[in-house]
Amino acid sequence: MLGITLQTVLGVSVPGSIFGMLILFFTLALGLVPVEWVRPGASLFIRHMIFLFVPISVGLMVHFDLLLDNLLAIIASVVAGSAIVLIVMSYCIEKLVSKDI
């Protein structure tokens, strides 16, 4: 709810769930929320994660014609994004490995 409220107040197009996950991450990282509070719910979601993807898959099939119309743009985005990640990660790993620790 806090993430959705933050999205509304800021008026941005980032989903409130993303803000909520960032808030959860930072509160866990700063130790404001103990991990033990989150662990039972997280285990439940991880255990049943496959069922959470079923509505997404059905939604994709409902809009299959839209996916086909934009197939070239989707493939180009996936290839370009993967190439960018590969190049940036290889550069970062090369810099980290070459340092004398």
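Accessible areas here come from the Shrake-Rupley method with a 1.4 Å probe, and for residues only the protein chains shown count as cover. I looked up the total for this predicted model and noted an accessible surface of about 8800 Å², of which 78% belongs to carbon and sulfur atoms.

Conventions: the model is predicted, with local features needing pLDDT of at least 70, side-chain atom pairs counting only at pLDDT 80 or more, and totals for chains, interfaces and linings using all residues. Residues are numbered from 1 along each chain as its sequence is written, and side-chain values use heavy atoms, with hydrogens and water left out.

Burial: I found that buried residues (under 20% relative accessible area; exposed is over 50%, partly exposed in between, 1.4 Å probe, protein chains only) make up 5% of the 101 residues.

Secondary structure: I recorded 7 helices and 0 strands, taken as DSSP runs (H or I, at least four residues, for helices; E, at least two, for strands), numbered from the N terminus. Helix α3, residues 35–47, has a kink of about 25° centred on G41, where the bend is the angle between axes fitted to the seven residues ending there and the seven starting there.

Record: I checked the unreviewed UniProt entry, which lists residues 12–33, 45–64 and 70–93 as "transmembrane region"; such annotations may be inferred rather than shown by experiment. In the model, residues 45–64 are 85% helix, with end C-alpha atoms 28 Å apart, while residues 70–93 are 96% helix, with end C-alpha atoms 34 Å apart.

Extent: I noted that the C-alpha trace spans about 45 × 45 × 35 Å along its principal axes.
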